[in-house]
Amino acid sequence: MKTSKFKTNAKCGGCVARIGEKLDKMILGQQWDIDLTTPERILTVTSDEPDDKIVAAVVDAGYKAEKL
């Protein structure tokens, strides 16, 4: 497994929940986290899923994600 980081535009717990609905379909909830305390709102994912698939899931939830 690899760990990837993405800059997002999530702003609150509700945003995290909506993104989580998509990510939980692909990976276990314990394998991803969004740090809302940083200005970049960093999403950290530990998974074998391709980065573009993770970005697509965040976009499908209605948010932006940019690989760091």
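## Strands, a buried leucine and salt bridges

Thr-3 stands opposite Thr-46, a residue of strand β3. The model is predicted.

**The strands**

Strand β1 covers residues 2–8, and strand β3 covers residues 42–47. The two run antiparallel and are joined by six bridges. Strand β2, residues 32–35, also pairs with β3. That pairing is antiparallel too, over four bridges. Within it, Ile-34 has Leu-43 of β3 as its bridge partner. In a regular strand, side chains alternate between the two faces of the sheet.

**The hairpin turn**

β2 and β3 form a hairpin. Six residues lie between the two strands. Arg-41 is found in this loop between β2 and β3. Most residues other than glycine have a negative phi. Arg-41 counts as partly exposed, because its relative accessibility is 22%.

Leu-23 sits in helix α1, which spans residues 13–26. Is Leu-23 buried or exposed? Its relative accessibility is 0%, so Leu-23 counts as buried. Which residues does Leu-23 touch, leaving aside those up to four places away in sequence? They are Trp-32, Leu-43, Ile-54 and Ala-57. Of these contacts, Leu-43 is also the bridge partner of Ile-34. Asp-48 makes a separate reference point: Leu-23 and Asp-48 are 25 residues apart in sequence. Their C-alpha atoms are 13 Å apart in space.

**Salt bridges**

How many salt bridges does the structure hold? There are four.

| Salt bridge | N to O distance |
|---|---|
| Lys-2 and Asp-51 | 2.6 Å |
| Lys-22 and Asp-60 | 3.0 Å |
| Lys-53 and Glu-49 | 3.2 Å |

Take Lys-2 and Asp-51, whose side chains meet in a salt bridge. Lys-2 belongs to strand β1, and Asp-51 to helix α2, residues 51–60. The pair therefore ties together parts that are 49 residues apart in sequence. Lys-2 is partly exposed, at 34% relative accessibility. Asp-51 is partly exposed as well, with a relative accessible area of 21%.

Next come Asp-60 and Lys-22, which form a salt bridge. Asp-60 lies in helix α2 and Lys-22 in helix α1, so this pair ties together parts that are 38 residues apart in sequence. Asp-60 counts as exposed, because its relative accessibility is 54%. Lys-22 has 25% relative accessibility and counts as partly exposed.

Glu-49 and Lys-53 form another salt bridge. Glu-49 has a relative accessible area of 18%, so Glu-49 is buried. The cut-off for buried is under 20%. Lys-53, at 40% relative accessibility, counts as partly exposed.

**In brief**

Strand β3 pairs with β1 over six bridges and with β2 over four. Leu-23 of helix α1 is buried at 0% relative accessibility. Helix α2 holds Asp-51, the partner tied to β1, and Asp-60, the partner tied to helix α1.

Terms used:
Residues numbered from 1 in each chain as written. Predicted model: local features only at pLDDT ≥ 70, side-chain atom pairs only at ≥ 80, totals over all residues. Heavy atoms only, no water. Pairing = 2+ DSSP bridges. Buried < 20%, exposed > 50% of the residue type's maximum accessible area, 1.4 Å probe, protein only. Contact = heavy atoms within 4.5 Å.
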